[in-house]
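Hi,

Here is the structure I promised to pass on to you. Have it open while you read, and my notes on what turned up in it follow below.

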Amino acid sequence: FWGRSTMAAMGKQPHILVVPLPAQGHVMPLMKFSHQLVDHGMKVTFVNTESNHKMIISSLLADKVEKQDNMIHLISIPDGSIIDLETYINYISNYMSVHLEELINKVNSSNDEKIDFVVADPSVGGVLEVAEKFGINGATFWAASLGFLSLMLHFPKLVEAGDINENGDPLKDEKMKLPVSLPALSTIDLLWGFSDDPIMRKAMLAFTANVNKAAKFTKWMLCNSFYELEPAFHDHHPNILSVGPLLASERLGHPKGQLYPEDSTCLSWLDHQPVQSVIYAAFGSSTTFNQSQFIELLHGLELVDRSLLWVVRPGLTDEFCTSSLEAFKNRIAQHGKIVHWAPQSKVLAHPSIACFITHCGWNSTMEGLSQGVPLLCWPYVSDQFHNANHICDILKVGLRVNKDENGIVTRSAIKIKVQELLADEGIRSRGIYYQMGKLPHVLVVPLPAQGHVMPLMKFSYQLVDHGVKVTFINTESVHKKVVSTLLDVEVVKPDNKIHLVSIPDELIIVEGAEKSIEFISETMASHLENVINKINASDNEKIDCVVADACLGGILEVADKFGIKGAAFWPASLGFLACMLHFPKLVEAGELDDNGNPMKDEDMILPPGMPAMSTINYLWGLSDDPYIRKIMLAFILNVNEATKIAKWMLGNSFYELEPASHEIIPRILTVSPLLASGQLGYPKGQLLPEDSTCLTWLDQQPAQSVIYAAFGSTTIFNQNQFNELVNGLKLVNKRFLWVVRPGLTDEQNTSILDGFKDRIGPQGKIIDWAPQQKVLAHPSIACFITHCGWNSIMEGVSMGVPLLCWPYIADQFHNENYVCDILKVGLRFKKDENKIITRSEIQTKVQELLHDGGIRSRANKLKDMARMSISEAGSSSKNIKVFINEIV
């Protein structure tokens, strides 16, 4: 502030030196950004090489208007040594910075003209080092996508992984190991998918090296993108400032950064065309088609038989195609126009444009997205392959062309793809979202309990990583616990991606279990109606979909009232969901009464493929309390009602884990295993603070040597059982990590536990709460003694850990049966005549589990299945994409 005030007192504007890479796709966005700086009172000196400088000057309109030079001063530096690509690389990496140092010296010789700040393309080597030499602050400006920036910054890790060599050459033709949220990309498409020219690869490698160096050097990285377009990548790069979409200045005489003169007659032609009737085709400044491909493109556009605006710049193809192009012009004269270069932003903003056939340069992508135009992707070089993947697979606002066995996109393929694109209303609808700069907005509502909040929070990360905004609703007491577990560090705030909101829950706190039923069934829905009303008051924030815990049936009724799409999220197993949905038939068969009480102690008749379950273990195996049974019955009824109302059922499972149950549940989309976010400052959905010191302790233990014991958030042991558990772990005589949360047993057992801690020494570690997913993924874990909560089962299965089952309540008995009898990846404990699991039983079963190679082998196979399900082609990954695709 003091610096700006001093400048104002001196009558001096802040002076910014802007340095683009000398290429059309880099000069133009930096020129547009310069307009933004000017509009905010900055003076800009824009540096081009001599050849580019001349092209920009020639493209300026010759109108007699007020000069803009006092705001954007165009200046050139020599580039006479550039005669081919190899000398261009050398110039960019070594000599351009030398000329810029001379330029800054010259400019700074005037006190009024001194450079205050430098903005440089990171592909140009050494510019920010020159700025620092003069004591000038600097920032880089990235002209491509944030996703591709992530890819370039990931280059050293790709070399380390053996995907490419140090020269950037692919060592294998396969999908690469990329950061989270990057669309899949083959090694052959990394920076080059068009040429075997070693000089071109050298150029790409030089740019990559320059970008990695600049990223370490700069405080800020400005990017021609916007948060809603690439939300996941902002989290990987906290110093990113996205400043797009960048709009061209409308002032006459203002430089546009175009290296070709624009033909604005096409705008008048578009004015005479019907709305959404014209196919616009433009392939940027570097695409070159061979004769065969150009002829196929020409005939393909003719076969489509629609109005056409086509940019055929000089050099798009060789001279041999001139006669074919002229004949084509004559044939389409009544409904088509061909120009050398177009004012593309204005063209794409014109209501007559129906779709855009594009090379997927980032500037073209940004302009198309900013106008909500469906895109047909035809990438040619470098980042264009990544952009096509992002458009088609992540944003889902376009389709890609397909080449035949000869590497040609045929005329018939062009016709088919254009027709398919124009007929896809979903693509156009999603395009409008990005045009508005709006993320699809999902309201997520869990049941206020640990085992329900956590998986829905993890699912929210999946939505966020696919470009969805989430508002996450908790009751006040749960909200406070979730917020209290956030790490107190300086990070990018997550609120603009996952916005945590609370609603009152005083009825549960003050009046107990009976009132909690009333709250969950009725009052919670009323509070949520107020939340939706408030959010929907903003056009840019409106809720597009509600994802509610299936136990909260009334929430989806509220969504339906507002005309909002609804999904029911089931956090437990599909088998248990099938069991709950089977409830009416059990009543009809006389196995349960209308209140859910068992009429007889025997195995129930369940759908095929589901493990047997006794009526006494159906939802309750711990209490005769009528209030508890009333709660469980309310949940059953809510789940059945939610299934009828919901457009989708989202399941915390994966197809390969529960195929039989999957087949009998209507509209089910399995979306697991759900992985927690590793980003600092992000809510984890935990209601207890995690003790991460256990991970350091695990690092010091041998592989598969540690027994991990954790019993969830609700299990309570009486004094006798807790004492047997303590002595059982002692008898096993193995390393162990044991989670003893507050409330796991009564206070009378404190002395027993304290004495046990003293005896175990370095052999074991006891903590209040663990980062369980990380613990189970640790190579030192040998097995998992678990209460069989479904979240614990999913995390154990996903990490290939053998399980010892100790169920306590509700679905945990079903889960035990499924783990031991169907999946066969665990063993169950047996209780004695006093319903106690004895110390000797604990010792016996742990030893039996650890020596059962079949269980570990099956567990590892399930681990592989789990990982496959969340891979690009996996069942859960596809289901998440289907769901997000249908939200808008």
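Thr365 sits in helix H14, which covers residues 362–370. This is a predicted model, by the way. Is Thr365 buried or exposed? Its relative accessible area is 1%, and anything under 20% counts as buried, so Thr365 is buried. If you skip its neighbours within four places in sequence, Thr365 is in contact with Cys360, Asn387 and Ile391.

Next, have a look at helix H2, residues 24–39. H2 has 16 residues and spans 23 Å from its first C-alpha to its last, close to the 22 Å you'd expect at 1.5 Å a residue. Of those 16 residues, 12 are buried, so H2 is largely enclosed by the rest of the structure. Among the buried ones are Val27, Met28, Leu30, Phe33 and Leu37, but also Lys32 and His35. Just after H2 comes Gly41, with a positive phi of about 85 degrees.

Then there's a pair of helices: H11 (residues 291–304) and H12 (residues 322–331). How do they pack? The angle is about 5 degrees and the axes are 11 Å apart. Angles under 35 degrees count as roughly parallel, so that's what H11 and H12 are to each other. On the H11 side the contact is made by Phe294, Ile295, Leu298, His299, Leu301 and Glu302, and on the H12 side by Ser324, Leu325, Phe328 and Arg331. Sorted by class, that contact has 6 nonpolar, 2 polar and 2 charged residues.

Most residues other than glycine have a negative phi, and most peptide bonds are trans. Here are two residues with a positive phi, though neither is a glycine:

- Asp305 has a phi of about 60 degrees. You'll find Asp305 in the loop between H11 and strand E9 (307–311), and it is exposed, with a relative accessible area of 57%.
- Lys396 has a phi of about 55 degrees. Lys396 is in the loop between helix H15 (384–395) and strand E13 (398–400), and it is buried, at a relative accessible area of 17%.

And where are the cis peptide bonds I noted?

- One runs from Gly244 to Pro245, with omega near -5 degrees. Pro245 is in the loop between strand E7 (240–242) and helix H10 (265–270).
- Another joins Ser672 and Pro673, with omega about 5 degrees. Pro673 lies in the loop between strand E20 (668–670) and helix H26 (693–699).

Cheers

Key. Residues numbered from 1 in each chain as written. Predicted model: local features only at pLDDT ≥ 70, side-chain atom pairs only at ≥ 80, totals over all residues. Heavy atoms only, no water. Helix = DSSP H or I, 4+ residues; strand = E, 2+ residues; numbered from the N terminus. Expected span 1.5 Å × (residues − 1). Buried < 20%, exposed > 50% of the residue type's maximum accessible area, 1.4 Å probe, protein only. Axes fitted to C-alpha atoms, helices over the stretch in contact; angles between N-to-C directions. Parallel < 35°, antiparallel > 145°, perpendicular 65-115°, else oblique. Contact = heavy atoms within 4.5 Å. Nonpolar A, V, L, I, M, F, W, Y, C, P; charged D, E, K, R; others polar.
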